[in-house]
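Here is a quick walk through a two-chain model, written for someone who would rather look at the picture than at a table. Keep the view open while you read.

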Amino acid sequence: MREKLIEKGLLLVAFSAVAMIFLIAYLIFREGVPLVAKVGVWDFIASTRWAPSKGSFGILPMIVGSLEVTLLAVIIGATLGLSCAMFLAEFAPRWSVRILKPMIELLAGIPSVVYGFIGVVVLIPFIRRTFGGPGFSVLAAAIILGIMILPTVIAISLDALNAVPPLYKEGSLALGATRWQTLHRVVLPAARSGIIAAFILGMGRAIGETMAVIMVAGNALTMPTSLLQPVRTLTSNIALEMGYASGDHQAALFATGMVLFVIIAILNTIALVIARPRT
Amino acid sequence: MILRPLAWQRIVWFALAAMTLFTLVVLFFIIGFITSKGAHVITLKFLFGMPERMGKEGGILPTIIATIYISLLAIAIATPIGVGSAVYLCEYTRESPITRVIRFGADALAGVPSIIFGLFGFILFVIRLRMGWSLLAGGLTLAFMILPTIIRTSEEAIRAVPYNLREVSYSLGGAKSQTIVRVVLPNALPGILTGVILGMGRSVAETAVVIFTAGSSLLMPKSLFDPARTMAVHFYILAREGLSMERAYGTALLLIIAILLINVVAYLLMYRLTRKMR
């Protein structure tokens with residue numbers, strides 16, 4: 001009897017994560033949906049005019065901004081991250097991997113505001129000097145986010161590469177392939193799903209990041225037409241205006257969160273499908 | 001031009017080595033830069049003094065206290081829920097639709113960006129439940145943010161406990177709940193603690209959630225219902241409003257040191273655990 005009660009209690013506890021995700025979705029949608037219904041779905045996501053005091057709520061520039069910054073960040077983070085993971089998995093001596101891996105994981109713990117700050121004091125002046133423009137830009141945000149997601153991408157793709165059964169590798173090497181041929185033709189394809197999952201998780205981190213982006217992106221309300229122009233992302237829009245918004249304006253920020261929520265749900269679903277172990 | 005395979009390999013080796021080196025240089029530059037600019041700011045007066053003129057001068061004691069309170073509160077709430085979930089998943093069920101739903105919930109929660117947690121905590125705890133901006137609202141919201149980490153690591157730790165140990169307990173007449181409390185959990189403790197400590201690290205580093213749920217008051221928090229400003233939020237405000245670059249570097253360095261300590265402890269626990277398994 002007592003044992004049964006404990007089991008039921010634990011089941012209830014175990015469902016709290018599920019309950020929480022639905023509660024989060026419910027509360028955000030409840031605040032956001034009425035506003036979207038009022039201004040119209042199309043006008044909300046496809047209008048370029050955001051002027052809350054005049055009742056215009058168009059978030060297209062921010063959707064484009066978020067996607068542009070995220071895509072570029074993933075290209076940077078994936079290229080560097082996968083190179084690093086391949087080097088550590090196949091070429092670097094074992095002892096160095098044992099030291100470097102925890103160090104890289106440690107870097108994932110550094111607060112995002114610190115990355116943003118480094119962007120402001122080092123990267124922005126550099127971009128301004130080299131390419132001109134204000135410095136606060138799509139490019140700056142993408143570089144900072146690309147660096148921020150590196151530890152995630154490296155750690156997960158390294159795990160994926162190491163999880164490839166050594167037999168595959170030995171078979172290829174025994175046939176006379178070089179280590180690079182083996183890595184490129186055997187190990188990489190075998191680890192593909194894990195590596196793609198690493199990229200998508202990095203993408204999720206990049207698109208959801210707020211504080212670092214606010215600090216370096218410039219937050220202008222215009223449609224970004226060049227990489228050197230300032231941009232505002234969905235997340236920064238929420239964080240910048242939440243402090244003083246009320247009424248419809250506040251609802252519009254929740255609706256912005258709703259759009260972000262949907263984009264992330266789609267990304268995560270893709271990641272889950274891809275990363276699912278083949279049976 | 002066709003290169004011989006070994007020549008190719010050499011080229012690739014250099015390319016990958018260069019990229020790896022570049023990555024490491026960038027990452028360590030960040031730590032080195034903050035350390036070199038912030039080290040001289042950290043004095044006893046900075047650590048234990050009250051802020052003056054909105055943080056332009058004086059110390060950061062209230063933000064350190066707020067950071068400790070809020071992250072302890074977050075793990076105090078998240079640990080029982082996370083470990084309970086993990087115990088249920090590992091000890092009471094096989095793989096089934098129910099476990100798949102629970103795992104889906106944890107995975108989905110792990111993917112929610114912090115700004116959404118911020119909105120959620122603001123509307124639920126701060127507004128609906130009338131907690132106002134407070135340590136309690138911040139701690140509760142952070143708890144749900146770190147819950148997936150704790151579930152995942154506890155699950156791995158519990159699964160790693162050898163099955164024989166449970167059988168011994170059963171053979172001595174131990175009930176299932178006794179076996180879990182006296183045998184499984186003590187053996188899984190280092191792994192569980194690793195998850196808890198990593199969750200604490202995330203709470204310390206978090207800005208977006210805290211600014212929406214705990215506010216940014218610089219006063220010393222006296223109770224759980226007081227608003228407070230954590231170190232990460234303080235650093236963000238110092239840097240963004242250009243109040244004091246000096247103190248921003250100092251606070252950033254302190255944050256990095258805190259994260260470093262937290263991670264080292266977590267890593268040592270994990271190391272002990274994996275060594276014991278062998």
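Predicted model: local features only at pLDDT ≥ 70, side-chain atom pairs only at ≥ 80, totals over all residues.

Chain A comes with 13 helices and two strands. Its C-alpha atoms fill a box of roughly 70 × 70 × 30 Å along the principal axes. Of its 279 residues, 50% count as buried. If you take the contacts in chain A between residues at least 6 apart in sequence, 75% of them join residues at least 24 apart.

Chain B has 11 helices and two strands. Buried residues account for 49% of the 278 residues in chain B. For contacts in chain B with a separation of 6 or more, 74% come from residues 24 or more positions apart.

## Where the chains meet

On the chain B side, 65 residues are in contact with 58 residues of chain A. Helix α1 of chain B (residues 5-38) gives the largest share of that side, with 16 residues. Sort the chain B side by class and you get 50 nonpolar, 12 polar and three charged residues.

Is Thr20(B) buried or exposed? It has 22 C-beta neighbours inside 10 Å, so Thr20(B) counts as buried. Apart from its neighbours within four places in sequence, Thr20(B) is in contact with Ser83(A), Cys84(A) and Phe87(A).

## A helix pair across the chains

Which residues of α6(A) and α10(B) make the contact? From α6(A) there are Val113(A), Phe117(A) and Val120(A), and from α10(B) there are Ala232(B), Phe235(B), Tyr236(B) and Ala239(B). By class, this contact of α6(A) with α10(B) has seven nonpolar residues, no polar and no charged ones.

## A helix pair inside chain A

Two packed helices are described by the angle between their axes and the distance between the axes. For helix α5 (residues 94-107) and helix α7 (residues 138-162), both of chain A, the axes come within 8 Å and cross at roughly 140°. α5(A) and α7(A) are therefore oblique to each other, and α5(A) passes α7(A) in a left-handed crossing.

On the α5(A) side, the contact is made by Lys101(A), Ile104(A), Glu105(A) and Leu107(A). The α7(A) side brings in Pro151(A), Ile154(A), Ala155(A) and Leu158(A). Count by class and this contact of α5(A) with α7(A) has six nonpolar, no polar and two charged residues.

## An enclosed helix in chain A

Finally, find helix α10 of chain A (residues 192-208). It has 17 residues and reaches 24 Å from its first C-alpha to its last, close to the 24 Å expected at 1.5 Å a residue. Because 14 of its 17 residues are buried, α10(A) is largely enclosed by the rest of the structure.

Methods. Residues numbered from 1 in each chain as written. Chains lettered and ligands numbered in written order. Contact = placed C-beta atoms within 7 Å. Helix = DSSP H or I, 4+ residues; strand = E, 2+ residues; numbered from the N terminus. Nonpolar A, V, L, I, M, F, W, Y, C, P; charged D, E, K, R; others polar. Axes fitted to C-alpha atoms, helices over the stretch in contact; angles between N-to-C directions. Parallel < 35°, antiparallel > 145°, perpendicular 65-115°, else oblique. Left-handed = near helix turned anticlockwise from the far one by under 90°. Expected span 1.5 Å × (residues − 1). Buried ≥ 20, exposed ≤ 12 C-beta atoms within 10 Å, placed from the backbone.
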